Amino acid sequence: MKLIILAAGYATRLYPLTLKQPKPLLPVAGKPMMEHVLDNVADIRYIDQAYIVTNATFDRHFEDWAASYKRPNLEFSFTIVNDGSTDDANKLGAIGDMNLVLTRHEIDDDIIVIGGDNLFSHDLSAFGDYCKQKNSPVTGVYDVGDLEQIKKYNAIEIDADDRITFFEEKPKEPKSTLTGIALYYYPRATLPLIHEYIAGGNNPDQPGRLVQWLYPRVPFYVWRVPGLWYDVGSIETLEEANRVFGELRS
């Protein structure tokens, strides 16, 4: 199983913090967000290789970080992938970056995809086991508990088997407080559909759009994230994550 970490965005909502530093390398509770992400996935026993996809602006930042990063007992190595973009105007988008990694590195294996700015209070080893059991696409979900708040994200409805029956990005009239987050599993058999999605000229940006396109075509399941989840998208959520994860570590 291969891991793809999405880290090629420009995080303009975090300016000026991200003018000269990529968001996933900003510190949270004393270490870069990227290291929290790796801690969360380190115990998924199926992963044998990881790819961190970034951009031409911050490629050197990630290369320098990777050269100094040390984590005992990490069972997989990782490769920094430069998508060649330089700003929001020519970025490939999250799904475009996934497709780039799959194509450039000729991946023919199950994949897990995670956002480099997604923070979890619990490790994700159970996610790997659940995905292997389902052998079908899976997205992590989190209950935000507020119909108004979920309008910023996406809304998901599921059946009794946890299969997605409805998915909408930034819903105007949501019926569910369950949102899909940047944590995905795509088994090897579905990779051609990712290529098909891109080849068809579909929106390559938000990764949830791929879920929205796929769930009517193949069974797509959800996995409930335990504990806390933070999507660091603003200075306010960064400050809150620093406080919460600082307390968890103390």
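Author: A salt bridge is a side-chain nitrogen of Lys or Arg within 4 Å of a carboxyl oxygen of Asp or Glu. The model is predicted, so that local features need pLDDT of at least 70 and side-chain atom pairs pLDDT 80 or more, while totals for chains, interfaces and linings use all residues. Residues are numbered from 1 along each chain as its sequence is written, and side-chain values use heavy atoms, without hydrogens and water.

Reader: Which residue forms a salt bridge with lysine 2?

Author: The closest N and O atoms of this pair are 2.9 Å apart, and the partner is aspartate 109.

Reader: Is lysine 2 buried or exposed?

Author: The relative accessibility of lysine 2 is 17%. Buried means under 20% relative accessible area, exposed over 50% and partly exposed in between, with a 1.4 Å probe and protein chains only. Lysine 2 therefore counts as buried.

Reader: How many residues apart are arginine 71 and aspartate 39?

Author: The side chains of arginine 71 and aspartate 39 meet in a salt bridge, with 2.8 Å from N to O. Arginine 71 belongs to the loop between helix H2 and strand S5, whereas aspartate 39 belongs to helix H1. The pair links distant parts of the chain, at a separation of 32 residues.

Reader: What is the relative accessible area of aspartate 110?

Author: Aspartate 110 meets lysine 132 in a salt bridge of 3.2 Å, N to O. Lysine 132 lies in helix H4, and aspartate 110 in the loop between H3 and S6. Lysine 132 is partly exposed at 36%, whereas aspartate 110 is buried at 9%.

Reader: How many aromatic pairs does a search of the whole structure find?

Author: Rings of Phe, Tyr and Trp (its six-membered ring) pair if their centres lie within 6.5 Å; planes under 30 degrees apart count as stacked, over 60 as edge-to-face and the rest as tilted. The number of such pairs found in the whole structure is ten.

Reader: What is the angle between the planes of tyrosine 186 and phenylalanine 220?

Author: Tyrosine 186 lies in strand S11 and phenylalanine 220 in the loop between helix H6 and strand S12. Both tyrosine 186 and phenylalanine 220 are buried. Their rings are edge-to-face, 6.0 Å centre to centre, and the angle between the planes is 90 degrees.

Key: Helices (H or I, at least four residues) and strands (E, at least two) are DSSP runs, numbered from the N terminus.
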